[in-house]
Amino acid sequence: MIIAFDFDGTLADTYSCIGEAFQRALERRYRWLPGKAVWAKLLTKIELQFERPTFGKHKKKSRPPFFLRTKFFETWFEERAELTKPIDDSIELLKKLREDGHVVLSFSAEDFIDGMKVRRLKRMGIYDLFDDVIVFGHDMTIDEAFRLVREKYGDDVFIWVDDKPWRFVGHGDENTEYVWYYFPFTARFVEKNPEKLALIPHLHVIRDLWSIFDVIENVKTKR
């Protein structure tokens with residue numbers, strides 16, 4: 001099977017450190033600035049607005065505004081990477097899936113800074129654990145990224161694991177199984193719109209990444 005994982009909020013907790021990363025970035029870039037703690041809280045609130053869901057609207061490529069592609073935000077991502085922690089021993093999970101013969105992909109959205117997602121995967125030490133790293137958003141839409149997976153790896157069952165199930169709506173094909181990893185930070189958005197989950201066929205919900213092995217066995221039985 002092809003097992004594809006999102007990164008932020010799925011393989012790694014990159015959210016609880018957002019505020020501290022802003023504080024560190026301000027210290028590095030703007031030492032002269034007073035009230036850094038206040039600025040960090042404000043920037044955190046702004047950043048969290050970008051995490052709000054848009055169910056079924058991930059159809060196009062997008063470029064973040066220029067002020068998000070600055071050295072300051074590059075520094076912020078670097079600090080965020082330093083503070084990132086794996087979820088549910090995800091590093092060992094990826095190794096086990098590879099050992100079991102699955103094609104394991106990183107399948108996630110690009111950050112504000114081009115190439116930053118790859119840099120963060122490398123910083124966490126998991127880049128080389130994937131058969132392929134596919135990043136959509138800037139140069140590819142989700143649909144284009146999905147077609148690329150099919151061109152490279154064929155029509156085998158595609159198990160897509162993400163903490164943001166709104167990305168699933170309208171994407172994939174009949175051989176796609178959708179796995180929502182329940183990460184509290186992003187789950188709160190879903191719980192405000194639970195009816196949207198009905199739009200997702202073949203949906204599985206897990207609260208522990210290692211439950212992906214139960215999903216795999218369940219899919220084998222049904223298919």
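## Helix α4

In helix α4, which spans residues 90-99, the buried residues are Ser90, Leu93, Leu94 and Leu97. These residues lie on the same side of α4, because the arc they cover around the axis is only 100°. The model described here is a predicted one.

What lies over this buried side? The elements that cover the buried residues of α4 include the strands β1, β3 (85-86) and β4, together with the helices α5 (116-124) and α8 (212-222). After α4 comes Gly101, which has a positive phi, near 95°.

## The sheet

Strands of a sheet pair through backbone hydrogen bonds, and the pairing is either parallel or antiparallel. Here six strands make up an open sheet with parallel pairing, and their order is β5-β4-β1-β6-β7-β8. Which strands are at the edges? They are β5 (132-136) and β8 (203-206), each of which pairs on one side only. From one strand to the next, the twist averages 25°.

Two of the strands that cover the buried residues of α4, β1 and β4, are also paired with each other in parallel. Strand β1 covers residues 2-5 and strand β4 covers residues 103-109, and four bridges join them. Within this pair, Ala4 has Leu105 of β4 as its bridge partner.

## Domains

How is the protein divided? Domain 1 consists of two stretches, 2-12 and 85-222, while domain 2 consists of 17-83. The centres of domain 1 and domain 2, taken over C-alpha atoms, are 23 Å apart.

Terms used
Residues numbered from 1 in each chain as written. Predicted model: local features only at pLDDT ≥ 70, side-chain atom pairs only at ≥ 80, totals over all residues. Heavy atoms only, no water. Domains from an automatic or database assignment. Pairing = 2+ DSSP bridges. Axes fitted to C-alpha atoms, helices over the stretch in contact; angles between N-to-C directions. Buried < 20%, exposed > 50% of the residue type's maximum accessible area, 1.4 Å probe, protein only. Arc of directions from axis to C-beta. Contact = heavy atoms within 4.5 Å.
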